[in-house]
Amino acid sequence: MSNISANWSYPTAVKLGRGRITELADACKSLGIKKPLLITDRGLASMAITKTALDILEDAGLGRAIFADVDPNPNEKNLDAGVKAFKDGGHDGVVAFGGGSGLDLGKCVAFMAGQTRPVWDFEDMGDWWTRANVEGIAPIVAVPTTAGTGSEVGRASVITNSATHVKKIIFHPKFLPGVVISDPELTVGMPKIITAGTGMDAFAHCLEAYSSPFYHPMSAGIALEGMRLVKEFLPRAYREGTDLEARANMMSAAAMGAVAFQKGLGAIHALSHPIGAVYNTHHGMTNAVVMPAVLRFNRKAIEDKIARAAAYLGISGGFDGFYDYVLKLRADLGVPENLSAMGITPDRIDELSAMAIDDPSAGGNPVAMTLENTKALFRDCF
């Protein structure tokens, strides 16, 4: 089973399998891209997998251009610099390459390169996305190098406002890349801590989408199977980074989480977004840290639903069994026990709580989030 390979057309064209990075130039050409700009983060810029991708583009006559001025939590300054590089280089498409930061920034550059309004005018609010000049949106090929955010199949990017330290979700249907290349060989070099954090991000997406009270049974089903894949394959990927069967299945789980959370997210992300924006923590690891407290917070609203999920996952004991499984998984992956263990102090709970209840994810939580109960939830995370 280690040679998993598939072509999917849902939710976009996805080419999954080892060695499929060799199809990068063909993917660009299929979208009419003749001069792509590869956008990634600073950490990946000098790595061998990035050099390979650039070699493939150059050998196919598509040039060799890279932009890597991308922070772990990308902001509008990174975005402005990326748009300038795109325009100055005369590029006509983007290869978004990397984990969540590279993918999100790359998609947003392709979008903003053709806009005249500021990026905050396209926040995921009501029909704000209709303000966009559709003709100006450049085509995107996405190449994930982690298995967590699922941004490669998402219709949004998370951009931090560097002045207010608030994460904003920027949305447009055409953020969805035209082609995705999911090559598990690109993920084998991830350090264990990144494998753990990104894998827990995928699990959090699936868990919150499944728990969301909104009606979307298709997303709920995808979320349930995504959790099963994480349960089976994340420990294997963590123990043995070269396990390509585990890596491929985790790439699938990450994509499934991002598809599923069209149904909604919740308090895990509502807490994690402001923590990441203020303290620059790793998003997936922050999700993992606050997950048990959020499960306790939501228990009365989701107990029966989580019991059904536990049964599907082969976990006995209903909600309590599922909760104990989450605690054990976190321990096995070296997740910090609480926010204090992450080096965060509780002196800014009031500020973080106000940011959390304003986060778009808060609206999908099974228990309504108020300022007071969110402060209590934050205190529980310490």
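Is S151 buried or exposed in this predicted model? With a relative accessible area of 6%, S151 is buried, where buried means under 20% relative accessible area, exposed means over 50%, and partly exposed lies in between, for a 1.4 Å probe and protein chains only.

Before going further, note that this is a predicted model in which local features need pLDDT of at least 70 and side-chain atom pairs count only at pLDDT 80 or more, while totals for chains, interfaces and linings use all residues. Residues are numbered from 1 along each chain as its sequence is written, and side-chain values use heavy atoms, with hydrogens and water left out.

**Stop 1: around S151**

Select S151, which is found in the loop between strand 6 (140–144) and strand 7 (156–161); helices (H or I, at least four residues) and strands (E, at least two) are DSSP runs, numbered from the N terminus.

**Stop 2**

Next, select the residues where the domains meet: 23 residues of domain 1 are in contact with 27 residues of domain 2. Between them domain 1 and domain 2 bury about 2,000 Å², 64% of it on carbon and sulfur atoms; buried area is the accessible area (1.4 Å probe) that two parts lose on being put together, summed over both. On the side of domain 1 that touches domain 2, strand 8 (residues 166–171) gives the most, with 3 residues. By class, that side of domain 1 has 8 nonpolar, 9 polar and 6 charged residues, with Ala, Val, Leu, Ile, Met, Phe, Trp, Tyr, Cys and Pro counted as nonpolar, Asp, Glu, Lys and Arg as charged, and the others, Gly among them, as polar.

Across the interface of domain 1 and domain 2 the rule finds 0 salt bridges, a salt bridge being a side-chain nitrogen of Lys or Arg within 4 Å of a carboxyl oxygen of Asp or Glu.

**Stop 2: salt bridges**

How many salt bridges does the structure hold? The structure holds 21 salt bridges, and three of these pairs can be displayed in turn.

- Show E23 and R20, which form a salt bridge with the closest N and O atoms 2.8 Å apart; E23 is partly exposed at 24% relative accessible area, whereas R20 counts as buried at 10%.
- Move to R64 and D55, whose side chains meet in a salt bridge of 2.7 Å, N to O; R64 is partly exposed at 37%, and D55 is partly exposed at 22%.
- Then select K328 and D332, a salt bridge whose closest N and O atoms are 2.7 Å apart. Because they are 4 residues apart in helix 11 (residues 318–332), K328 and D332 are separated by about one helical turn; K328 is exposed at 53%, and D332 counts as partly exposed at 44%. Elsewhere, salt bridges that share partners join K51, D55, E58 and R64 into one network.

**Stop 4**

Select S212, found in the loop between helix 6 (192–211) and helix 7 (217–239), and buried at a relative accessible area of 0%. Leaving aside residues up to four places away in sequence, S212 touches K263, G264, K305 and G364.

Continue to G241, whose place is in the loop between helix 7 and helix 8 (244–260), and which counts as buried at 19% relative accessibility. With residues up to four places away in sequence not counted, G241 touches V188 and R247. A distance drawn from G241 to F297, C-alpha to C-alpha, spans 34 Å in space, the two being 56 residues apart in sequence.

**Stop 3: backbone details**

Where does P11 lie? P11 is placed in the loop between strand 1 (5–8) and strand 2 (13–17), and the peptide bond from Y10 to P11 is cis, with omega near -5 degrees.

H165, in the loop between strand 7 and strand 8, has phi near 60 degrees and counts as partly exposed at 38% relative accessibility. N280 lies in the loop between helix 9 (267–279) and helix 10 (283–312), has a phi of about 60 degrees, and is partly exposed, with a relative accessible area of 45%.

How values were computed. Contact = heavy atoms within 4.5 Å.
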